[in-house]
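Dear colleague,

Please find below the structure that I am handing over to you.

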Amino acid sequence: MSAVSFDQVSRHFGTVRAVDGVTLEIGEGEFFAMLGPSGSGKTTCLRLIAGFERPTAGDIRLFGDSVQDLPPYRRQVNTVFQDYALFPHLNVRDNVGYGLMIAGRPKPERHREVEAALEMVRLGGYGTRKPSELSGGQRQRVALARALVNRPRVLLLDEPLGALDLKLREQMQDELKGLQRQLGITFVFVTHDQGEALSMADRIAVFSEGRIQQVGAPEDVYFRPDVPFVADFVGSSNVLPAELVETLTGQRVPAAIRPEHLHLASEGALSAQVTGLSFLGLTTRVTLQAGETRLTALIAQDAPRPAQGETVGLSWAPENLHLMRGGA
């Protein structure tokens, strides 16, 4: 059974089509990422699942049941927000147990559930502290515990790591994925960060202008993009225009090739001029211009480095040139 189903769902705000005819199935127990730039519709989709927005058209189902007329508090979902949304005047224990208190659960039962939730997110012993006494990562864990203590069947995460620094964000990525595996519930994760989506998700939906451009496993989205937008947005593939691809393959469609799959030599299928070199640690990024097409290659530090302005040949293994359909 699907945990979440969208059937031709749209959400319009006047003339703005924030979500435009989205059809989607999210499996039970799946870690699913909604990826896209700001304004692409991913957060609106999350709010539609939560019940904070109502669709203009289409149907949303949770575990097979339509939730069109179901208020947020009656849906088996909970949300973790980027800004944590903790009550500053309450301590950690009371923040986590707030939903249980509103539900009328007895105090001893609330205490047991809250302590178990705090242990689950590695905050045992922090119950008496105020949010202001915690680090950003600890506040994020409190928000997670509060969302999980009610035992939702779907956890919605709206850019939950966006306020954290890089090192802590990477640590929390590992912790979130481990927690999802431990609990076995469905996580729906909204992000504009391609690295987060690729490293954490079982499947990814890539959004643009209110529509889904591609749904697939991280490897498929990264190596086999369906359309130029996905190729450019997810890891910044080189997108070759249809006219150029026709001269190379005989097929008039756009194609994508990863920077790490481009090889520089004295001769190749394409000739390009080196326009920039950037040191990245283990690799050097080489920017190139082949006629009207701008390209990027990644070469190992021990490989020969071309000179700025040098003309080089570009080659690749045939299987690494991925033909796409046109469109976005």
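**Packing of the helices**

The model is predicted: local features need pLDDT of at least 70 and side-chain atom pairs pLDDT 80 or more, while totals for chains, interfaces and linings use all residues. Residues are numbered from 1 along each chain as its sequence is written, and side-chain values use heavy atoms, with hydrogens and water left out.

Helix α2 covers residues 92–102 and helix α3 residues 107–120; their axes are 9 Å apart, at an angle of about 125°. Axes are lines fitted to C-alpha atoms, for helices over the stretch in contact, and angles run from 0 to 180 degrees between N-to-C directions. Helices are DSSP runs (H or I, at least four residues), numbered from the N terminus.

In the contact (heavy atoms within 4.5 Å), Val92, Arg93, Val96, Gly97, Leu100 and Met101 of α2 meet Arg110, His111, Glu113, Val114, Glu115, Ala117 and Leu118 of α3. These residues divide into 7 nonpolar, 2 polar and 4 charged; Ala, Val, Leu, Ile, Met, Phe, Trp, Tyr, Cys and Pro count as nonpolar, Asp, Glu, Lys and Arg as charged, and the others, Gly among them, as polar.

Helix α4 (residues 136–148) also packs with α2: their axes come within 7 Å and cross at roughly 30°. The two are therefore roughly parallel. Here Val92, Asn95 and Val96 of α2 meet Val142, Ala145 and Arg146 of α4.

Yours sincerely

How values were computed: Angles under 35 degrees count as roughly parallel, over 145 as roughly antiparallel, 65 to 115 as roughly perpendicular and the rest as oblique.
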